[in-house]
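Keep the sequence and the model side by side as you read. The paragraphs below walk through the fold one part at a time.

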Amino acid sequence: MVCGAAWSHEQWSAGLQRSVQRVIDNRGDDSMKEEMRRAVAHLTSIEQFTGLPYWVAATVAYGDHRAITGKPIEKPEWIKSMPRGFLRNPTVEQVVNEALMVVRDIWKEYGKPDSFRIELARELRQNQEQRASAHERNRKRNTERKKTADTLIKEFNRPKPSRKDIDKHDLWKQQQQRCMYCGQGIQKPDLFNTREADIDHIIPQSRFYDDSLTNRVIVHRKCNAGREGKDDMLAATYMKSKGDSAYQEYVGRISEWDLPYGKRKLLLAEEVPDGFINRQLNETRYIGTELRKLLERIAPVNTTVGQVTDALKNEWGLTTVYKEVLKRRFERLERITGRKLIEEIHRTNGAKHVDYKIEGYDKRIDHRHHALDALVVALTRQRYIQKIAQLKQRERSPHPR
Ligand SMILES: [Zn+2]
C-alpha cells in the first residue's frame, strides 16, 4: 500500500477495497479474533484505513493468517515469519518464528519433510485424586454448557450458540448481569453484540496464557477501551488507574458477588501470579499449539512428551553415550583440581555394561543435549510411545496379568 501524501484508497485494487468493506461491515462480528476486533472497532469508513499497525493492515488485506488451516504450503519460500505483534505473546512469537525459519532451511537443504514431531510440555504432575477431581470439574462444566446452550436457543434467539456465546452468558450470570469494570447492567440484547459487550482477560494474555473462565470477565466495550497500554494491564491495575472511588467500588463488587476464589484472587492481583500455574509451562504449551497449526500446512504433525524422550534415550543407551562425551570435560577438571570426580561403574544386566558416576554432572552444562533430544524426538514412533506406556503400566500394577 502507498503511504504519505500519495495515499489514496481509490488506488487500491477492487479486491482490497472489498476486503476493507468486509472488515467495516463485520467489525462487531464474532468471526473476528478478539484483538483484531479491538483494533478495528473505531474504523467506520474506508478513508480511515491508514497508518495502521502492520499486523492489522496485513490481516485486513490478507485475512487472518492464523485462521488459514486448509491452505497447504508447497514451497519453502512460502514460509514467512509472522509480523511483529501477530501473536499476543512476544516470546512465543519469537520462538515460533525461529522454528519456522529452521523448517524452511531444512526443507531447502534436504527436501520437504515427510512429517513433524513436536515434544509438548510435560503435563503438571497430578496424583490420582487430582486427576479425578479435574475430570469431575470437566464433566460438570460440560453439563453446564449444555444447559446454557439450551437457554441460548430458547431465550436468546441464538440458534447455534458457539462456545464463546456460552462462556459469555455464563460470565454474565456469574457477574449478576453486570459489567465487571463499572458495575452497571449489561442489557440482554447487548450481550452478543461485541460493540456493546465483550470478554476481557483479567491478566492479559500477553503476560499470562490462561484462557479459562477464571481469567475472563464480561465488560462493556466502552469500559474496556481508550486507555493507553490497557492491553498489557492487569484488571486491578487498570481499575486503580481509573481513580480511587472506581477502584473501591470494584473491590466491593468482587467481595459481594458470588465469584470463585481463584477468580477473586486474579481480579485483585497487581502482579502476574506465579505459583499454581507456571507461566513458562503455559508459554511452552502455547508455542506447541501455534507451531502445530502452521506446520500442519506442510506435513502431518505428531506429538510426544518429555517422559517418552527420556525413556527412549535411556533404552537406546544414549544417556551413557552422552555422558562419555562430557566425561572429557570432567577429566580435564580432575587434572586441574587434582580431585577424583569420575567413578566407573560396571553393571551386568544381560550384557556387560559400563556407566560412570560423575561428581557435579548435569547434562545441561552442554547445550548439545538439546540436539540429542531433538534427534530422539525425530526418531520417536507412535508404537514406541504405546510400548512405553504399556511397560509403565505393567511396572505400576503389582499383579502382572
Ligand atoms: Zn461497564
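This is a predicted model: local features need pLDDT of at least 70, side-chain atom pairs count only at pLDDT 80 or more; totals for chains, interfaces and linings use all residues.

Where is proline 83 found? Proline 83 sits in the loop between helix 3 (54-62) and helix 4 (90-110). Residues are numbered from 1 along each chain as its sequence is written.

Stay with proline 83. Proline 83 touches Tyr54, Trp55 and Ala58, leaving out residues up to four places away in sequence. Contact means that two C-beta atoms, placed from the backbone, lie within 7 Å. Valine 56 is 27 residues from proline 83 in sequence, and the two are 9.9 Å apart in space, C-alpha to C-alpha. Proline 83 is partly exposed, because 17 other C-beta atoms lie within 10 Å. The scale works like this: 20 or more other C-beta atoms within 10 Å make a residue buried, 12 or fewer make it exposed, and anything in between is partly exposed, with C-beta atoms placed from the backbone.

Now take the whole chain. The protein chain has 14 helices and six strands. Of its 401 residues, 17% are buried. Take the contacts between residues at least 6 apart in sequence: 65% of them join residues at least 24 apart.

Which residues have the most contacts inside the largest nonpolar core? They are Ile202, Ile218, Val219 and Ala235, in a core of 23 residues. A nonpolar core is a set of buried Ala, Val, Leu, Ile, Met, Phe, Trp, Tyr and Cys residues joined through C-beta atoms within 7 Å. Helix 6, strand 3 (216-220), helix 7 (235-240) and helix 9 (261-268) each supply at least two residues of this core. Helix 7 gives the most, with four residues. Isoleucine 202 is in contact with Asn215, Arg216, Val217, Leu234, Ala235, Leu266 and Leu267, setting aside neighbours within four places in sequence. A second, separate core has 12 residues, including Val96, Tyr286, Leu291 and Leu295.

Five of its five residues are buried, so strand 3 is largely enclosed by the rest of the structure. Strand 2 (197-201) runs antiparallel to strand 3, and five bridges join the two. Strands pair if DSSP finds at least two bridges between them. Aspartate 198 stands opposite valine 219 in strand 3.

The loop between strand 2 and strand 3 holds serine 206. Serine 206 has 17 C-beta neighbours inside 10 Å, so it counts as partly exposed. Asparagine 89 is 117 residues away from serine 206 in sequence, yet their C-alpha atoms are 4.4 Å apart in space.

Next comes a helix pair. Two packed helices are described by the angle between their axes and the distance between the axes. The axes of helix 11 (residues 306-315) and helix 13 (residues 368-379) come within 10 Å and cross at roughly 95°. Axes are lines fitted to C-alpha atoms, for helices over the stretch in contact, and angles run from 0 to 180 degrees between N-to-C directions. Helix 11 and helix 13 are therefore roughly perpendicular, a term for angles of 65 to 115 degrees. Thr309, Leu312 and Lys313 of helix 11 meet Asp373, Val376 and Val377 of helix 13.

Finish with the backbone. Most residues other than glycine have a negative phi. Asparagine 157 has a positive phi of about 55°. Asparagine 157 lies in the loop between helix 5 (128-155) and helix 6 (163-174), and is exposed, with 9 other C-beta atoms within 10 Å. Glutamine 177 also has a positive phi, near 60°. Glutamine 177 belongs to the loop between helix 6 and strand 2, and its 14 C-beta neighbours inside 10 Å make it partly exposed.

Technical notes: Angles under 35 degrees count as roughly parallel, over 145 as roughly antiparallel, 65 to 115 as roughly perpendicular and the rest as oblique.
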